[in-house]
Amino acid sequence: MTRLGGTGGERADRIGDGNGDRDGAEAVAWDVAGAVESLADLWSLAAQAAVLRLSPHQLRALRVLQAAPGLNLTGLAEQLEIGLPTASRLCDRLEAAGLLERALHPRRRREVRLGLTVRGRRVLDDVAARRAQALADVLGAMAPDDREALRRGLRAFAAVREPSASPPAGES
């Protein structure tokens with residue numbers, strides 16, 4: 001992977017900026033990839049420090065159910081891009097841990113709806129708070145100008161990624 005700092009990391013040093021790479025975008029991409037990897041590590045470690053340790057799949061399932069309460073098993077499996085048997089076992093574990101509850105659909109008696117328990121919501125809140133604090137700690141160690149540059153860069157990135165945004169100059 002890339003090393004942050006300097007002129008864009010070891011890989012980017014070999015790439016150079018003059019080979020049609022608009023404003024060194026490929027070199028910056030390698031730096032951003034390294035930063036994303038660091039952020040993913042920070043995110044994962046913060047989640048593992050939560051009161052109840054969950055696997056990434058379990059945490060993702062809880063987040064999907066938080067966003068779509070009442071989803072059925074098929075819907076959860078589709079959202080997680082896993083098979084029904086795997087989703088069912090995942091729900092069994094989450095239910096046994098007191099994080100998920102199953103309830104019959106009020107009109108379709110063969111359909112089971114999935115929802116978070118109060119404990120499940122608390123665990124997600126705990127993970128979110130720990131992640132936010134870990135991120136705040138890192139950002140707090142940065143110089144204010146660097147934090148502001150990061151904010152501007154992330155806003156610009158998000159604006160380009162918006163579906164309604166125009167493609168970057170020179171692309172169509």
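Colleague: Why is V32 called partly exposed?

Modeller: V32 has a relative accessible area of 44%. Buried means under 20% relative accessible area, exposed over 50%, and partly exposed in between, with a 1.4 Å probe and protein chains only as cover. V32 is therefore partly exposed. This is a predicted model, in which local features need pLDDT of at least 70 and side-chain atom pairs count only at pLDDT 80 or more, whereas totals for chains, interfaces and linings use all residues. Residues are numbered from 1 along each chain as its sequence is written, and side-chain values use heavy atoms, with hydrogens and water left out.

Colleague: Where does V32 lie, and what makes the nonpolar surface patch?

Modeller: V32 is in helix 2, residues 25-48; helices (H or I, at least four residues) and strands (E, at least two) are DSSP runs, numbered from the N terminus. V28, V32 and V36 make a nonpolar surface patch of about 240 Å². Patches consist of residues with over 30% relative accessible area and no salt bridge, like charges being joined within 9 Å and nonpolar side chains (Val, Leu, Ile, Met, Phe, Trp, Tyr) within 5 Å. The areas come from the Shrake-Rupley method with a 1.4 Å probe, and for residues only the protein chains shown count as cover.

Colleague: Why is the pair of R102 and D92 called a salt bridge?

Modeller: The closest N and O atoms of R102 and D92 are 2.9 Å apart. A salt bridge requires a side-chain nitrogen of Lys or Arg within 4 Å of a carboxyl oxygen of Asp or Glu, so the pair qualifies. R102 lies in strand 1 (residues 100-104) and D92 in helix 5 (residues 84-96), and the pair links distant parts of the chain. E95 also forms a salt bridge with R102, at 3.7 Å between the closest N and O atoms.

Colleague: Which residues of helix 5 are buried, and how do you know on which side they lie?

Modeller: A87, L90, C91 and L94 are buried in helix 5. These residues cover an arc of only 100° around the axis, so they are on the same side of helix 5; the arc is that of the directions from the helix axis to the C-beta atoms. The face turned away from the buried side carries the exposed residues P85 and A96.
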